[in-house]
Amino acid sequence: MTLFHFFNCAILTFGPHAVYYSATPLSEYDTLGTSIKAALVYLGTALVKLVCLATFLKVSENDSFDPYQELLKALIGFIDVAGLYFALTQLTHRNISQNHKYQAVGLGWAFADSVLHRLAPLWVGARGLEFTWDFILQGLEANANLVLSISLAALGSLMWLRKNKPKTLIPIIYACAGIVATMPSITRSAAHLLFLAYGSKDHLCFYLRKGLGWHFPKVVGFELFTSLVMAFISWQLFSACQRPSS
Amino acid sequence: MSSKNPRERQMLESIYSMIAVVFILVTCVDLCDAATVVDVYRLIQYDISGVPFGSRFATLNHHAGSLHFAPGVDLSRTVLVIPVRELNITFVKEYISQRKPLGGLLFLLPQMFNFGNREAATEGKYQIREKELMKTVLAELERLLIHANIPYPVYFAFEDDDIDAVLADVKRSDVSGQPATATTGGYKLVVSAPEPKKIASPSITNIQGWLPGLKADGDPNQLPTIAIVASYDTFGTAPALSVGSDSNGSGVVALLELARLFSLLYSNPKTRGRYNLLFGLTSGGPYNYNGTHKWLRSFDQRQRESIDYAICLNSIGSWDNELWIHVSKPPENAFIKQIFEGFSTVAEELGFKVGLKHKKINISNPRVAWEHEQFSKLRVTAATLSELSAAPELLENTGGLSDSRHFINETAIVRSIKLVAESIARHVYGRQGKNIQIFADNTSLAVNAPYIRSWLDLLSKTPRVAPFLSKNDPFVTALKKELEDHTREVNAHHEVLDEMFTLYDSTKAKLNIYQVASVTFDLLLLLVLGSYLIILFTFLVITTRGLDDLISLFRRPPSRKVKTA
């Protein structure tokens with residue numbers, strides 16, 4: 001029974017990546033190598049981020065929302081962007097079109113993120129007899145993360161790989177890239193504001209197991225919504241930039 | 001140099017914070033396991049001459065159910081969770097006597113009986129009447145469970161917030177008509193305990209101590225002996241909870257205090273009496289005083305003949321105005337008359353009554369109801385001092401669940417000690433009938449109430465079922481040390497309990513309560529996820545490759561088949 005639940009949550013968390021790979025032309029052009037390289041770059045980025053967080057962040061005794069700490073975490077989020085830059089530009093890819101390159105990199109990035117952050121809790125937790133909704137919500141979060149990663153990779157490829165861009169769109173591109181890169185911090189701050197709106201007694205729920213207590217569904221919903229919005233915006237930007245060259 | 005140190009400290013701090021974060025993550029992962037973990041105590045499992053009694057199983061893995069189940073529902077895979085406060089004894093009796101199939105029973109005891117939890121045990125939340133009612137209900141339940149042969153696990157647990165919440169949930173779902181089974185979710189109770197095994201050669205330990213009397217120079221005869229005996233072990237429904245404060249914690253405490261008082265008198269040769277005093281803490285009390293029997297056989301004939309008389313103490317902790325002396329020799333016997341008169345005179349002075357009860361012993365009947373009967377069988381004059389007016393049945397009044405510290409009256413124990421001490425002292429010093437008080441209050445020989453209280457508290461926290469007390473059990477060692485403080489020539493004799501009684505182990509376990517989802521939920525989720533992935537796949541194919549590609553995906557296999565055919 002419980003292995004069944006683990007299987008369900010696993011296909012929710014990792015299924016979309018496999019489906020994306022097989023459904024889009026990525027499988028036809030055999031871009032698996034690119035995705036794997038991107039995943040390895042993500043691993044390195046994650047290690048660097050961990051060391052930076054450990055060095056610069058203070059673990060506060062009382063669980064209060066410190067804006068400066070959040071700002072610091074957001075800045076460290078930009079290391080993500082640096083990692084993506086490295087993956088998109090510095091690695092040697094086979095002769096695949098830009099369109100597919102960013103998709104493959106984004107896919108590999110998101111897959112590594114899911115495996116690193118969600119596989120271990122899933123394996124240990126979902127197999128027990130006890131039932132919680134957490135793992136299903138975690139899977140939905142993985143889906144949102146996939147969309148976000150692909151849109152960030154798209155914006156990244158726009159920024160660094162495309163040479164001729166319409167001048168008016170450049171600041172918008174950079175702004176969107178900034179927003180997508182700091183999305184985790186934005187989510188946390190929004191969740192915190194949500195609790196402030198609901199009253200201070202819910203503060204205690206905030207710092208429960210996954211850090212978000214029984215507001216977790218709302219946070220996941222917010223993440224899904226914002227990821228779809230950002231994906232739409234980056235798609236629009238991408239197609240806008242594609243028009244002059246084609 | 002100074003600029004380096006803050007930086008080093010910062011590095012160390014960051015490393016510690018990293019380690020802290022890792023630990024937090026690890027514990028978070030650990031906490032994922034069970035909703036609640038509760039300590040539970042198993043019903044006793046024993047055989048008398050091969051006839052099985054008690055609960056015969058320990059492992060539990062069923063859904064929780066409450067008393068509000070719909071009639072006619074199959075409960076063979078359900079564990080009924082019954083708080084003792086709402087117990088309907090006729091219902092339980094019916095279930096057990098008619099041997100209806102049941103997955104298991106879990107009784108919830110009020111925190112009042114939890115001797116391990118000091119704050120809860122001393123809470124004066126309950127009125128006296130409620131306490132008395134609880135005591136009678138528990139006593140009846142114990143009687144029922146001990147003498148039944150139950151083919152499923154029965155456990156006891158203490159009420160606390162977690163388990164109360166679980167029970168409320170279960171009751172709610174039962175009332176709404178959806179019993180918890182594998183397909184509708186609910187709570188699952190899991191106890192993973194090893195298969196209960198027989199305790200091979202259970203050991204019982206008898207502890208004795210002597211206070212030698214003053215022998216006159218040149219007197220070749222052995223001094224007469226007076227024995228004071230109490231059995232210290234218990235037997236109850238849940239062996240891990242059988243503390244037996246009254247039966248026989250009160251007797252043990254009285255014996256220790258008497259040993260202390262007489263050792264004060266005997267320490268000075270001028271006040272040493274011309275009697276030896278023998279103090280015996282025996283084990284095996286509930287099993288027809290098997291320990292006493294073996295202890296007496298260890299004495300040789302001469303020693304036994306020198307015992308003038310023996311006083312056995314049994315349950316002297318919760319009486320008001322009347323104590324009983326039980327004898328097996330007829331009351332007309334001169335010795336018995338002398339002893340009884342001595343006791344009743346002192347009792348009158350102290351302001352209460354002492355009655356005499358005679359019960360003939362039947363040598364062919366193995367049942368030994370009082371400890372003095374073991375002495376009488378070997379022709380030693382003996383009597384039992386007790387608050388009980390009638391002889392208890394086998395395994396009754398042996399210190400079960402209902403025998404808790406709350407129902408003990410310390411002044412009763414103090415008065416009993418005064419009675420025994422004065423009576424024996426008057427006999428030893430030849431002052432019968434004279435109006436003197438040797439152990440008067442506010443003297444150095446006064447009965448020490450704090451001493452009694454501290455030993456009573458210790459006894460009320462220690463479960464003492466004899467087969468579960470090993471030879472080197474710390475409690476037995478503590479008793480031995482205490483006797484060594486007051487008496488001389490302390491010996492501990494280890495015996496093996498009579499084969500008639502066999503006890504089984506596995507008395508304590510941990511209960512895991514899991515909140516489970518039903519199978520239908522998992523299947524539904526699989527369906528939803530499957531359709532989501534299929535929709536995602538078609539959407540992506542249509543948007544990236546076009547609708548034609550999607551259709552061609554389905555058209556290719558048939559054309560291939562045509563080719564190969």
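In strand S3 of chain B, Pro52(B) is the bridge partner of Asp47(B). The model is a predicted one, in which local features need pLDDT of at least 70 and side-chain atom pairs count only at pLDDT 80 or more, while totals for chains, interfaces and linings use all residues. Residues are numbered from 1 along each chain as its sequence is written, chains are lettered from A and ligands numbered from 1 in the order in which they are written, and side-chain values use heavy atoms, with hydrogens and water left out.

Strand S2 (residues 45-48) and strand S3 (residues 51-55) of chain B run antiparallel and are joined by four bridges; two strands are said to pair if DSSP finds at least two bridges between them. Helices (H or I, at least four residues) and strands (E, at least two) are themselves DSSP runs, numbered from the N terminus. Two residues lie between the strands of this hairpin, and Ser49(B) takes a positive phi near 50°. S2(B) also pairs in the antiparallel sense with strand S18 (residues 501-503) of chain B, over three bridges. There, the bridge partner of Asp47(B) is Thr502(B).

In a regular strand the side chains alternate between the two faces of the sheet. In S2(B), Gln45(B) and Asp47(B) are on one side and Tyr46(B) and Ile48(B) on the other, and all four are buried, so both faces are covered. Here buried means under 20% relative accessible area, exposed over 50%, and partly exposed in between, with a 1.4 Å probe and protein chains only.

A pair of aromatic rings is described by the distance of the centres and the angle of the planes. Rings of Phe, Tyr and Trp (its six-membered ring) pair if their centres lie within 6.5 Å; planes under 30 degrees apart count as stacked, over 60 as edge-to-face and the rest as tilted. A search of the whole structure finds 19 such pairs over all chains. One of them, formed by Phe91(B) and Tyr95(B), is tilted, with 5.0 Å from centre to centre and 45° between the planes. These two residues are four apart in helix H2 (residues 89-97) of chain B and are therefore separated by about one helical turn. Phe91(B) is buried, with a relative accessible area of 18%, and Tyr95(B) is buried as well, at 10%. Another pair, Phe235(B) with Tyr287(B), is edge-to-face, at 5.9 Å centre to centre and 90° between the planes. This pair links distant parts of the chain, 52 residues apart: Phe235(B) is in the loop between strand S11 (225-231) and H6 of chain B, and Tyr287(B) is in the loop between strand S12 (276-282) and helix H7 (290-298) of chain B. Both residues are buried.

The nonpolar cores come next. A nonpolar core is a set of buried Ala, Val, Leu, Ile, Met, Phe, Trp, Tyr and Cys residues joined through side-chain atoms within 4.5 Å. The largest has 64 residues, of which Phe262(B), Phe279(B) and Leu313(B) touch the most other members. Helix H6 (residues 245-267) of chain B supplies the largest share of this core, 11 residues. Apart from it lies another core, of 45 residues, including Val19(A), Leu152(A), Met159(A) and Leu237(A).

Helix H6 of chain B also contains Asn248(B), and the peptide bond from Ser247(B) to Asn248(B) is cis, with omega near 0°. Two other residues of chain B have a positive phi without being glycine: Leu395(B), near 65°, and Glu489(B), near 50°. Leu395(B) is buried, with a relative accessible area of 6%, whereas Glu489(B) counts as exposed at 53%.

Chain A contains nine helices and zero strands. Buried residues make up 50% of its 246 residues. An unreviewed UniProt entry annotates residues 39-59, 71-92, 173-199 and 219-238 of chain A as "transmembrane region"; UniProt positions are given in the numbering used here, feature names are shortened, and annotations may be inferred rather than shown by experiment. Over residues 219-238 of chain A, the chain is 100% helix and 0% strand, with the end C-alpha atoms 28 Å apart.
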